[in-house]
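I wanted to go through the charged side chains of this chain and then the fold as a whole. My entries follow in the order in which I looked things up.

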Amino acid sequence: MTMTIPSDVPQATSTKGGSSRRLARQLALQLLFQQEFQAKHEEWQENFWEEHQSVSGNVRAFATSIFRGVKDHQSDIDRLIQRFAVDWSIARMPVVDRNILRCAIYELVWEPDIPAAVTINEAIELAKRFADDEAQRFVNGILDHIFRDEERLTEKRRHIKLASVQSES
């Protein structure tokens, strides 16, 4: 089962900076989606990359890094989602929504060099591509709450405050 991009949404293309990272995030989301349905088939990941041979090594490396990071920290990530998604269980969430959240939370907490605003904006972009308006608001709301309240994100919050003060000067 391959997660496909809707036909009316142009596929992210990439060769430089942000757009290659956007493509990598999209591929990581697709990997997580497929893993939920094909984990019993050992060859699924190999088949995935055979279907995406044209992506650069950097895109593949970043997508794989996000995928592995989410898998390595999934229990902690899911506890965060559960803590902030009031009246929602992980199992009740649409597969795409929960995996967008997992990717973004991984980046927020375990990728210190990626600014929080970039991570949150990219998660919303993924929701725009693969989900509906309600999912966009849901993803934004959960990530906003996590960003404001999670202790491990103090440094990223401080960085935003410093940038804001510097831009006012």
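**Entry: Glu 51**

I looked up Glu 51 and found it partly exposed, at a relative accessible area of 49%. For this term, buried is under 20% relative accessible area, exposed is over 50%, and partly exposed is in between, with a 1.4 Å probe and protein chains only. Glu 51 belongs to helix 2, residues 44–51. Helices here are DSSP runs of H or I with at least four residues, strands are runs of E with at least two, and numbering goes from the N terminus.

I note that this is a predicted model, in which local features need pLDDT of at least 70 and side-chain atom pairs count only at pLDDT 80 or more, while totals for chains, interfaces and linings use all residues. Residues are numbered from 1 along each chain as its sequence is written, and side-chain values use heavy atoms, with hydrogens and water left out.

**Entry: surface patch**

Which residues gather with Glu 51 in a patch of negative charge? I found Glu 42, Glu 43, Glu 46 and Glu 50 there with Glu 51, on the surface. A patch takes residues with over 30% relative accessible area and no salt bridge, like charges being joined within 9 Å and nonpolar side chains (Val, Leu, Ile, Met, Phe, Trp, Tyr) within 5 Å. Asp and Glu count as negative and Lys and Arg as positive, with His and the chain ends not counted. The place of a charge is NZ of Lys, CZ of Arg, CG of Asp or CD of Glu.

**Entry: salt bridges**

I searched the whole structure and got twelve salt bridges. The criterion is a side-chain nitrogen of Lys or Arg within 4 Å of a carboxyl oxygen of Asp or Glu.

I looked at Arg 98 and Glu 36, whose side chains form a salt bridge at 2.6 Å, N to O. This pair links distant parts of the chain, with Arg 98 in helix 4 (residues 95–110) and Glu 36 in helix 1 (residues 17–38), 62 residues apart. Arg 98 counts as buried because its relative accessibility is 9%. Glu 36, at 30%, counts as partly exposed.

Next I took Asp 76 and Arg 152, a salt bridge with the closest N and O atoms 2.6 Å apart. Here too distant parts of the chain are linked: Asp 76 is in helix 3 (residues 57–84), Arg 152 is in the loop between helix 6 (133–149) and helix 7 (154–168), and the two are 76 residues apart. Arg 152 also meets Glu 150 in a salt bridge, 2.7 Å from N to O. Is Glu 150 buried or exposed? Glu 150 counts as buried, at 5% relative accessibility, whereas Arg 152 is partly exposed at 39%.

**Entry: Glu 122**

I placed Glu 122 in helix 5, residues 116–130. At 11% relative accessibility, Glu 122 is buried.

**Entry: Asp 87**

I checked Asp 87, in the loop between helix 3 and helix 4. Its phi is near 65°, a positive value in a residue other than glycine. Asp 87 is exposed, at 69%.

**Entry: whole chain**

I counted seven helices and zero strands. Of the 169 residues, 47% count as buried. Of the contacts between residues at least 6 apart in sequence, 66% join residues at least 24 apart.

Methods: Areas by Shrake-Rupley, 256 points an atom, 1.4 Å probe, with all protein chains shown as cover. Contact = heavy atoms within 4.5 Å.
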